[in-house]
Amino acid sequence: MRTIDSLIIHCTATPRGRHVTVADVDSWHRAQGYDSIGYHYLVYLDGSVHAGRPEAKVGAHCRGHNSRSIGIAYVGGVEADGSPADTRTPAQVEALRGCVASLLERYPAARVYGHRDFAAKACPCFDARAEYGALLHL
């Protein structure tokens, strides 16, 4: 198994309320030259958490950090006009917190980041380190 020291939160950069599936993101990532979806998990609008790339496989979600991280994305992240926004539904907020907490139990040395902590992007459109920081002390 890979050594995991980071959980990196992303958004799909799709408009608020637009339904997107693992198959959709997989197709987008393959069109960009990846061999499959780059994220390990995708959180749908209804809060359901879906597996993407297997955890044992290096992700394709954050340049320079893929080999030691797990990528988790939520569907959404922009308004209809394309402006960045925290569009998470209440179900997504709860599901993301649960997913992160579960992963931290399995990877206790990991820390939580947003993609924006490593790239000049708004993604995931909220401060993941602040939101999940308390989980690091459980």
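Predicted model: local features only at pLDDT ≥ 70, side-chain atom pairs only at ≥ 80, totals over all residues.
Among contacts in the protein chain between residues at least 6 apart in sequence, what percentage join residues at least 24 apart? The share is 63%, where contact means heavy atoms within 4.5 Å.

Residues are numbered from 1 along each chain as its sequence is written, and side-chain values use heavy atoms, with hydrogens and water left out.

**View 1. The protein chain as a whole.** Welcome to the overview: the protein chain holds three helices and seven strands. Here helices (H or I, at least four residues) and strands (E, at least two) are DSSP runs, numbered from the N terminus. Starting at that terminus, the order of elements is β-β-α-β-β-β-β-α-β-α. The radius of gyration, taken over C-alpha atoms, is 14 Å, close to the 14 Å that the globule rule (2.2 Å times the number of residues to the power 0.38) gives for 138 residues, so the chain is as compact as a globular protein of that length. Its C-alpha trace spans about 40 × 35 × 30 Å along the principal axes. Of the 138 residues, 49% count as buried; buried means under 20% relative accessible area, exposed over 50%, and partly exposed in between (1.4 Å probe, protein chains only).

**View 2. The open sheet of five strands.** Follow the strands across in the order E4-E3-E5-E1-E7, with mixed pairing. Two strands pair if DSSP finds at least two bridges between them. Strands E4 (49-51) and E7 stand at the edges with a single partner strand each, so one side of each has no neighbour in the sheet. E3 and E4 pair in the antiparallel sense over three bridges, and Tyr41 stands opposite Ala51 in E4.

**View 3. Strand E5 and its two partners.** Six of the six residues of E5 are buried, so the strand is largely enclosed by the rest of the structure. Ser69, Gly71 and Ala73 point one way from E5, while Ile70, Ile72 and Tyr74 point the other way. Strand E1 (residues 6-11) pairs with E5 in the parallel sense over six bridges, and Ile8 stands opposite Gly71. Strand E3 (residues 41-43) also pairs with E5 in the parallel sense, over three bridges, with Val43 opposite Tyr74.

**View 4. An aromatic cluster around Phe126.** Tyr74, Phe126 and Tyr132 form one aromatic cluster. Rings of Phe, Tyr and Trp (its six-membered ring) pair if their centres lie within 6.5 Å; planes under 30 degrees apart count as stacked, over 60 as edge-to-face and the rest as tilted. By this rule the count comes to three aromatic pairs. In one of them, the ring centres of Tyr74 and Phe126 are 6.0 Å apart and the planes meet at 45 degrees, so the pair is tilted. Tyr74 lies in strand E5 and Phe126 in the loop between strand E7 (111-114) and helix H3 (128-132), so the pair ties together parts that are 52 residues apart in sequence. Both residues, Tyr74 and Phe126, are buried.

**View 5. Val20 and its contacts.** Val20 lies in the loop between strand E2 (14-15) and helix H1 (22-31). Val20 is buried, with a relative accessible area of 1%. Not counting residues up to four places away in sequence, Val20 touches Thr14, Val25, Trp28, Leu42, Tyr44 and Val75.
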